[in-house]
Amino acid sequence: MTMATILEVRDVTMRFGGLVANERVSMSVHGGEIFAVIGPNGAGKTTLFNAITGIYEATEGQILFDGKEIRREWSRKTSFRAIGIGLATAVVAVLAYNATDLWQGAIVEKYVYAQPFPWGEAMATLVTTMRAAGFWSTWGIAVLGFILGRLGYGAIWHSQRRTPDLVSRAGIARTFQNIRLFAEMNLVENVLVGMDQHCTCGYWACLLRTPRFWREQAAMRIRAYEFLKFVELADAAGSLASSLPYGHQRRLEIARALATEPKLILLDEPAAGMNPAESADLMRLIRRIRDRGVTVVLIEHDMKVVMGISDRIVVLQHGKKIAEGTPEEIRTNPVCIAAYLGTEVVH
Amino acid sequence: MAISSKRITINLLLIAAVASIPIIEKFVPLGLHISDPMTDVFVYAILGLGLNILTGFTGLLNLGVAAFAAIGAYVFAISTCEIYPFQLGFWSALGLTMAAGALAGFALGAPTLRVRGDYLAIVTLGFGEIVKDVLVNMDSITKGTQGINPLPPPTLFGHELGGSGQYWLFMVFALVVAIGARSLERSRIGRGWISIREDELASRAMGIRPDHAKMLAFATCASLAALAGALTASRLSSSGEPGNYDFQISILALCIVIVGGIGSVRGVLLGALVMVGMNSIVLVKLTELMGGSDAAPPAALADAHGLQWAFLFVKTWAQNVLISPTNWKFLVFGLALVLMMIFRPEGILPARGAKEDAPDGDEGSSGASGVGGVPGGGASPVATKELRP
């Protein structure tokens, strides 16, 4: 396997108060491989997934996808937006401070019933009223409002630099350990939500049902069917997600994740609760996902699945990486055996 | 297609039946007088449909929707009333009102994007009270508790509309809003909203931008509520006093959504009919029947002395405030709501139950909007065929 690294986790530490869920975990996933993260319960596997997908922000360390960190950049559009929000806040602040005075001067005193309204005069009064109110009660308030709006926007932007939706749009999809489907939606709709980021129709196109909307809708539905066929659920396309049996729900979650057209898919315990026949199906499915060109990272407890399909495995224990290697290496690694089965040595 | 054309027929028949009420009233002298309260039903339907987008689809509980209606009514009033210099026409004022409503929605939505559930309910509740108080206290602009009047009546192509004209205009408004809500629901926008309601984290992980979606929901809700407020103001020729847009209106709108079926457009229409209809038609008629102010014994009873006496007895009792059903309306509402929650918590026409005969859910049952099936010829016959069980 000499493929390019697609995901690189560099010294990631996740701390929740005093609890250290991951401590300096590093791993690199190569494009096109099936990579497993294993470890006893509470080893910090799901936390690592959450850090990768932007649900948590890593306390320390870096997560590189395709060689760079997934982060919102401060673009020209962001600047415009920040200034716009700042100006809007300024206007609202000024109005809130002396709207009644301005109104009284410019509208009430200038308007004589049923007479044409002197717009120019009114505007002039608006300016003079604002001047008369004094520097601080207009410009001061305006500047204060602007700073408040601008800083507020900046703060929100800063806290939103790495969010799950951004990570998903960058090309990392995931499934959840405790299945998180949209229960009240049917299968097609669930998959369509995954495809949403590739839709181009906006609010007005959807509201007015433009021809472009219909074209896109038809194409998207066909594509959604392909995803459902891929996970062999097309027969149940119209039923509610919550009505599916457990194993099928897992497959639907995979279809929904694939619908985002990721380069990398993170599967969190895909075989949990499956019988041997189902997990054999799942292994085939995971291989087919890899064959589509999607790199797979999975957390799994079912060793038959892990050993059967993984190209490489990382073992976590107590938030630390204790081993990394091919299934063969892991199987014979005494540290891993100790982690899973315990040792006679007291440590 | 068979299913959806049947649905379209039913919808058209229903619309025709509702549209014919003023005509029937005119030619059949039953003394029904229900077209006036029915116009209220349409306004509340618009309010309910707006709230349904925020609370039903997106799952954000809003207890201050009346504030948006108030903003709508006042923006409409200030931009049209002749005591102000703006004096816009009905339609341009309506456009302005909806835009102002959307802005108000943004203004409330932006700072509350991270707030959810009970907390959001409290924030919106507070917003409702604040707007009411601001309207009272900015009395040089809003005329305080007097309300702004007179306002121009609804017009169409330059003609002022009277009773039945307004009835039909408001009906069309409610219909257009319903179709619009339906169109949004059955598109990526609506799917985004519903996915946020179902599981916000999962929908984010699928690439939905919740901030964006929530802001759109807030703006749409507020804009529709403002439309409802403006229509009422125009109909009553007055913005009404700020106290008219109190918590009770918000709760009534919420009841409409819950009773009808949360997240269901048809449900909300029915909910408006049931709730407002019960309030201003059934209870009022019942009070009249039980001998409100001017009811005389029916002619059939005139001869039978015993019965007449019984009628008078009931009438005397009914004039007692305690016996008059309109005074019991909150008890009736409360009871109805409690019973609903026990026996049919998903509403009369739940979002999914209404679609049982067309399980594809996305297209086939779009009913009133008349867009059954996927257009574009053979674009996706596979899809529609396989969707049917």
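User: What makes β4(A) and β5(A) a hairpin in this predicted model?
Analyst: β4(A) and β5(A) are joined with 2 residues between them, and the two strands run antiparallel over 2 bridges. Pairing needs at least two bridges, so the 2 bridges here meet the cut-off. One of these bridges links A:Phe65 with A:Lys68. In the turn, A:Asp66 has a positive phi of about 55°.

User: Why is β1(A) called a partner of β4(A)?
Analyst: DSSP must find at least two bridges; β1 (residues 5-16) and β4 (residues 60-65) of chain A share 5 bridges, so they count as paired. Their sense is antiparallel. In β4(A), A:Leu64 is the bridge partner of A:Glu8.

User: What makes a residue of chain A part of the contact with chain B, and how many residues does each chain give?
Analyst: A contact requires C-beta atoms, placed from the backbone, within 7 Å. Chain A gives 51 residues and chain B gives 44 residues. On the side of chain A, α8(A) supplies the largest share, 7 residues. By class, that side has 29 nonpolar, 11 polar and 11 charged residues.

User: Which residues of chain B have pLDDT under 50?
Analyst: Residues 353-389 of chain B stay under 50, on a confidence scale from 0 to 100. The model still has 81 contacts beyond four places in sequence for them. Where pLDDT is low, predicted coordinates should not be read in detail. Chain B as a whole averages a pLDDT of 80, and 80% of the residues score at least 70.

How values were computed
Residues are numbered from 1 along each chain as its sequence is written. Chains are lettered from A and ligands numbered from 1 in the order in which they are written. This is a predicted model: local features need pLDDT of at least 70, side-chain atom pairs count only at pLDDT 80 or more; totals for chains, interfaces and linings use all residues. Two residues are in contact if their C-beta atoms, placed from the backbone, lie within 7 Å. Helices (H or I, at least four residues) and strands (E, at least two) are DSSP runs, numbered from the N terminus. Ala, Val, Leu, Ile, Met, Phe, Trp, Tyr, Cys and Pro count as nonpolar, Asp, Glu, Lys and Arg as charged, and the others, Gly among them, as polar. pLDDT is the predictor's confidence in each residue, from 0 to 100.
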